[in-house]
Amino acid sequence: MDAAQLLIFSLEQQRYALRVETVDRVIRAVAVTPLPKAPEIVLGVLDLHGQVIPLIDLRRRFGLPTRKLRTSDQFVIARAGLLTVALAVDGTESVQQVLPEAIQEAGGIVSGTEFLEGVTRNEEGLVLIHDLGTLLFPEEARALARALEGTPA
């Protein structure tokens, strides 16, 4: 089986990863416009070459301390199902290839695994592999769709 290519990023000194095939690009943090009636994990929207993209607060989703966006932050533009989203991260580190046998199920290693595809290790320690398919709960996805359409929630 082919090795997985993972984009490694950090939040609060913890390292996470996304499969590269779900990632469109990484950009520096930019101005964010509030989005009324959006779910709590949506920080707002950004305009990326004419496309309105919701910015997801992974800190809130993962139960980490919240903080204001910094100019040093980065946004990972990725696909969560049919929706393109921006994920606010402290920074990106690298793209690494990981053999399938090096990826373990997250359940026995860390708590709060409902958002994780698995866990791997490298020389810096544990890397939690995020599953973008579980990023938004169904009710959040519906509320976000309504907010993006500008219809009442």
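Predicted model: local features only at pLDDT ≥ 70, side-chain atom pairs only at ≥ 80, totals over all residues.
Begin by selecting Leu128, which sits in strand β10, residues 125-130 (strands are DSSP runs of E with at least two residues, helices are runs of H or I with at least four, and both are numbered from the N terminus). Leu128 counts as buried because its relative accessibility is 9% (buried means under 20% relative accessible area, exposed over 50% and partly exposed in between, with a 1.4 Å probe and protein chains only).

Residues are numbered from 1 along each chain as its sequence is written, and side-chain values use heavy atoms, with hydrogens and water left out.

Now display the sheet that contains β10, an open one of five strands in the order β8-β1-β2-β10-β9 with mixed pairing (two strands pair if DSSP finds at least two bridges between them). Its edges are β8 and β9 (116-122), each of which has a single partner strand, so one side of each is left without a neighbour in the sheet. From one strand to the next the twist averages 30° (axes are lines fitted to C-alpha atoms, for helices over the stretch in contact, and angles run from 0 to 180 degrees between N-to-C directions).

Within this sheet, select β1, residues 4-11, which pairs with β8 in the antiparallel sense over seven bridges. Leu7 has Val95 as its bridge partner in β8, and Ser10 stands opposite Gly91 of that strand. Seven of the eight residues of β1 are buried, so the strand is largely enclosed by the rest of the structure.

Next, centre on Gln96 in strand β8, residues 91-98, which counts as buried because its relative accessibility is 18%. Its side chain makes polar contacts with the side chains of Ser94, at 3.3 Å, and Asn122, at 2.7 Å (a polar contact is a pair of N or O atoms within 3.5 Å; within protein, one must be able to donate a hydrogen and the other to accept it, and residues adjacent in sequence count only if both atoms are side-chain atoms). Leaving aside residues up to four places away in sequence, Gln96 also touches residues including Ala4, Leu6, Ile8 and Arg15 (contact means heavy atoms within 4.5 Å).

Then turn to the other sheet, in which five strands form an open arrangement in the order β3-β6-β7-β5-β4, again with mixed pairing. Strands β3 (23-28) and β4 (42-48) are at the edges, each pairing on one side only. Six bridges join β4 to the antiparallel strand β5, residues 51-56, and Gly44 stands opposite Leu55 in β5. To finish, select helix α2, residues 138-149, which lies across β4, β5 and β7 (83-89) and runs at about 140° to β5.
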